[in-house]
Amino acid sequence: MELQKDDSVLVKDYINGNEKSLEILINRHNQRISSFIYSKVLDRDVTEDIFQDTFIKVIRTLKKGSYSEEGKFLPWVMRIAHNLVIDHFRRNKRMPKFEGNEDFNIFSVIGDDKLNVEKQLIKDQIDSDLNKLIDELPEDQKEVLLMRIYKDMSFKEISENTGVSINTALGRMRYALINLRKIIEKNNIVLTN
Amino acid sequence: MEKIYSDNQNKCKLAAASQETVNLLMSYSKSLQIIEYDNIQFENNLN
């Protein structure tokens, strides 16, 4: 059975370039450090993040040669983790993170009003079908319909642009809609989402 | 019958960082090089 190397020996080995020593150190103290962090933050993901940041600090300090073997390795790492936990709470105090519970879910109030992929596909299909139907209309009716629906122009503006009276423009719009309905009914086209 | 009064029973569970995190730390360690020039230390991350 292989003798377990002391932490201080592993630290020295690591400083001398033996990367494997660091892995042993991490695995040896993983549960203790993680459990300590978890007991404070009570969140698995945050625990992982703080554990990771702790060892990034450890690695940088060891590689820079700033570590002095005054105390023991584990209490030193625990101190770093403890400071990072405090940093985490300070940051959270400035920018609190809201998490829902079983009774209340924030996403039931804040919704994403965008269509989902399926509904977007259906909408695109309907838009494209409608464009084809509008193309079937007589030119004068099509012109009025496009100005009114797509360009959001008033009938007064349409009459000025096309050089016809408002009543004619209204009439053309009416016939355009009647004709569209006729084509839709005749061909049994479904235009609903 | 057992009665647990703790609000957060999960609090007592042991936690451990995942193997993924350990691997990331090992990769970070391998990629990090400290270069000293004129008493100034430079961190080099070679990916």
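These questions and answers cover a predicted model, starting with the contact between chain A and chain B.

Biologist: How many residues of chain A are in contact with chain B?

Modeller: The model is predicted, and the totals for interfaces use all residues. On the chain B side, 21 residues take part. On the chain A side, the number is 23.

Biologist: What area do chain A and chain B bury between them?

Modeller: Carbon and sulfur atoms carry 60% of it. The total for chain A and chain B is about 2,200 Å².

Biologist: Which helix gives the largest share of the side of chain A that touches chain B?

Modeller: Across this interface, twelve residue pairs are in polar contact. Helix H2 (19–41) and helix H3 (44–64) of chain A each supply at least two residues of the side that touches chain B. The largest share is eleven residues, and the helix behind it is H2(A).

Biologist: By class, how many residues on the side of chain A that touches chain B are nonpolar?

Modeller: Seven residues there are polar. Another seven are charged. The nonpolar ones number nine.

Biologist: Is A:Asn30 buried or exposed?

Modeller: A:Asn30 is found in helix H2 of chain A. Leaving out residues up to four places away in sequence, A:Asn30 touches A:Phe51, and in chain B it touches B:Ala15, B:Ala16, B:Ala17 and B:Val22. The cut-off for buried is under 20% relative accessible area. A:Asn30 has 7% relative accessibility, so it counts as buried.

Biologist: Which residue of chain A meets B:Glu43 in a salt bridge?

Modeller: Between chain A and chain B the count is two salt bridges. In one of them, the side chain of B:Glu43 has a partner at 2.9 Å, N to O. B:Glu43 sits in strand S2 (residues 40–45) of chain B, and the partner sits in helix H3 of chain A. That partner is A:Arg60.

Biologist: Why does A:Arg60 count as partly exposed?

Modeller: Partly exposed covers values between the buried limit of 20% and the exposed limit of 50%. B:Glu43, at 34% relative accessibility, falls in that class. A:Arg60 does too, because its relative accessible area is 31%.

Biologist: Which residues do salt bridges with shared partners join into one network?

Modeller: Over all chains, the count comes to twelve salt bridges. One of them, within chain A, pairs A:Asp140 with A:Arg172, the closest N and O atoms being 3.6 Å apart. Elsewhere, shared partners join three residues into one network: A:Arg60, A:Lys64 and B:Glu43.

Biologist: How many residues apart in sequence are the parts that A:Asp140 and A:Arg172 tie together?

Modeller: A:Asp140 is partly exposed, with a relative accessible area of 31%. A:Asp140 lies in helix H6 (residues 139–150) of chain A. A:Arg172 lies in helix H8 (residues 166–186) of chain A, so the pair ties together parts whose separation in sequence is 32 residues.

Biologist: Is A:Lys142 buried or exposed?

Modeller: A:Lys142 forms a salt bridge with A:Asp135, with the closest N and O atoms 3.3 Å apart. A:Asp135 counts as exposed, at 52% relative accessibility. A:Lys142 has 15% relative accessibility, so this residue counts as buried.

Biologist: What is the angle between the planes of A:Phe51 and A:Phe55?

Modeller: A search of the whole structure finds three aromatic pairs over all chains. A:Phe51 and A:Phe55 form one that is tilted, at 5.1 Å centre to centre. The angle between their planes is 45°.

Biologist: Where do A:Phe51 and A:Phe55 lie?

Modeller: A:Phe51 is buried, at 0% relative accessibility. A:Phe55 is buried as well, at 0%. They are four residues apart, about one turn of the helix, and both lie in helix H3 of chain A.

Biologist: Which residues do ring pairs link into a cluster?

Modeller: The rings of A:Tyr67 and A:Trp76 have their centres 4.4 Å apart and their planes at 40°, so the pair is tilted. A:Tyr67 is buried at 13% relative accessibility, while A:Trp76 is partly exposed at 21%. Ring pairs link them with a further residue, and the cluster is A:Tyr67, A:Phe73 and A:Trp76.

Notes: Residues are numbered from 1 along each chain as its sequence is written. Chains are lettered from A and ligands numbered from 1 in the order in which they are written. This is a predicted model: local features need pLDDT of at least 70, side-chain atom pairs count only at pLDDT 80 or more; totals for chains, interfaces and linings use all residues. Side-chain values use heavy atoms; hydrogens and water are left out. Contact means heavy atoms within 4.5 Å. Buried area is the accessible area (1.4 Å probe) that two parts lose on being put together, summed over both. A salt bridge is a side-chain nitrogen of Lys or Arg within 4 Å of a carboxyl oxygen of Asp or Glu. A polar contact is a pair of N or O atoms within 3.5 Å; within protein, one must be able to donate a hydrogen and the other to accept it, and residues adjacent in sequence count only if both atoms are side-chain atoms. Ala, Val, Leu, Ile, Met, Phe, Trp, Tyr, Cys and Pro count as nonpolar, Asp, Glu, Lys and Arg as charged, and the others, Gly among them, as polar. Rings of Phe, Tyr and Trp (its six-membered ring) pair if their centres lie within 6.5 Å; planes under 30 degrees apart count as stacked, over 60 as edge-to-face and the rest as tilted. Buried means under 20% relative accessible area, exposed over 50%, partly exposed in between (1.4 Å probe, protein chains only).
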